[in-house]
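Here is my note for you, in numbered points. Please keep the structure open while you read.

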Amino acid sequence: VQLQAFGGGLVQPGGSLRLSCVASGSIFSRPVMAWYRRSPGKQRELVATITTGGSPDYADSVKGRFTISRDNAKNTGYLQMNSLKPEDTAVYSCRVGFDPRAPTLADYWGQGTLVTVSS
């Protein structure tokens, strides 16, 4: 299964973007969807996770501004990003797997999409 992240772009501070993580096949068997980001010069950061049947979890830096969701019928996950700040600028990527915190070799990873927040 291949994953691809879409929806990045240039947005002004305070604006919104919706990222999509589209899978080429079923992701139903993998209960966890996670979004990460990597800014220049920084380590990869876990932004949000959602587990089928569970509650979403967010990094403190995005809590209250970002919303993660998934639609198994469409094999797609989403990251709604509101009130964007310049420090949200990063390449965002997605993962589907089994553990919210610890990727495994059986997980699927998607290529990233660049989000730039700038006036």
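1. Start with Q2. Leaving out residues up to four places away in sequence, Q2 touches V22, A23 and S24. Contact here means heavy atoms within 4.5 Å. The C-alpha atoms of Q2 and A23 are separated by 5.6 Å, yet these two residues are 21 residues apart along the chain. Q2 lies in the segment before β1 (3-6). Strands are DSSP runs of E with at least two residues, helices are runs of H or I with at least four, and both are numbered from the N terminus. Q2 is exposed, with a relative accessible area of 59%. Buried means under 20% relative accessible area, exposed means over 50%, and partly exposed is in between (1.4 Å probe, protein chains only).

2. A word on the source. This is a predicted model, in which local features need pLDDT of at least 70 and side-chain atom pairs count only at pLDDT 80 or more, while totals for chains, interfaces and linings use all residues. Residues are numbered from 1 along each chain as its sequence is written, and side-chain values use heavy atoms, with hydrogens and water left out.

3. Now the aromatic rings. How many aromatic pairs does a search of the whole structure find? The search finds 1. The rings belong to Y36 and W109, with centres 5.1 Å apart and planes at 35 degrees, so the pair is tilted. Rings of Phe, Tyr and Trp (its six-membered ring) pair if their centres lie within 6.5 Å; planes under 30 degrees apart count as stacked, over 60 as edge-to-face and the rest as tilted. The pair links distant parts of the chain: Y36 is in strand β4 (residues 32-38) and W109 in strand β10 (residues 108-111), 73 residues apart. Y36 is buried, at 4% relative accessibility. W109 is partly exposed, at 34%.

4. Look for charges over rings. R44 lies over the face of Y36, at 4.8 Å from the ring centre. The charged end of R18 sits over the ring of Y78, 4.0 Å from its centre. The test is that NZ of Lys or CZ of Arg is within 6 Å of the ring centre and within 35 degrees of the ring normal.

5. Next, the salt bridges. The whole structure has 6 of them. Each is a side-chain nitrogen of Lys or Arg within 4 Å of a carboxyl oxygen of Asp or Glu. One of them joins K63 and D60, at 3.2 Å from N to O. D60 is exposed, at 67% relative accessibility.

6. Turn to R65 and D88. Their closest N and O atoms are 2.7 Å apart in a salt bridge. This pair links distant parts of the chain, 23 residues apart. R65 is in the loop between β6 (57-58) and β7 (66-71), and D88 is in the loop between β8 (76-81) and β9 (90-97). Are R65 and D88 buried or exposed? R65 is buried at 9%, and D88 is buried at 1%.

7. D107 lies in the loop between β9 and β10 and R95 in strand β9, so the pair ties together parts that are 12 residues apart in sequence. D107 is buried at 8%, and R95 is buried at 0%. Elsewhere, salt bridges that share partners join R37, E45, R65 and D88 into one network.

8. Follow β7 along its length. In a regular strand the side chains alternate between the two faces of the sheet. In β7, F66, I68 and R70 point to one face and are buried. β7 and β8 pair in the antiparallel sense over 6 bridges; pairing requires at least two DSSP bridges between the strands. T67 stands opposite Q80 in β8. Their hairpin has 4 residues between the strands, and N75 takes a positive phi near 50 degrees.

9. T49 is in strand β5 and is buried, at 5%. Beyond four places in sequence, its contacts include M33, A34 and I68. T51 is also in β5 (residues 45-51) but is partly exposed, at 25%. T51 touches P31, V32 and P100, again not counting residues up to four places away.
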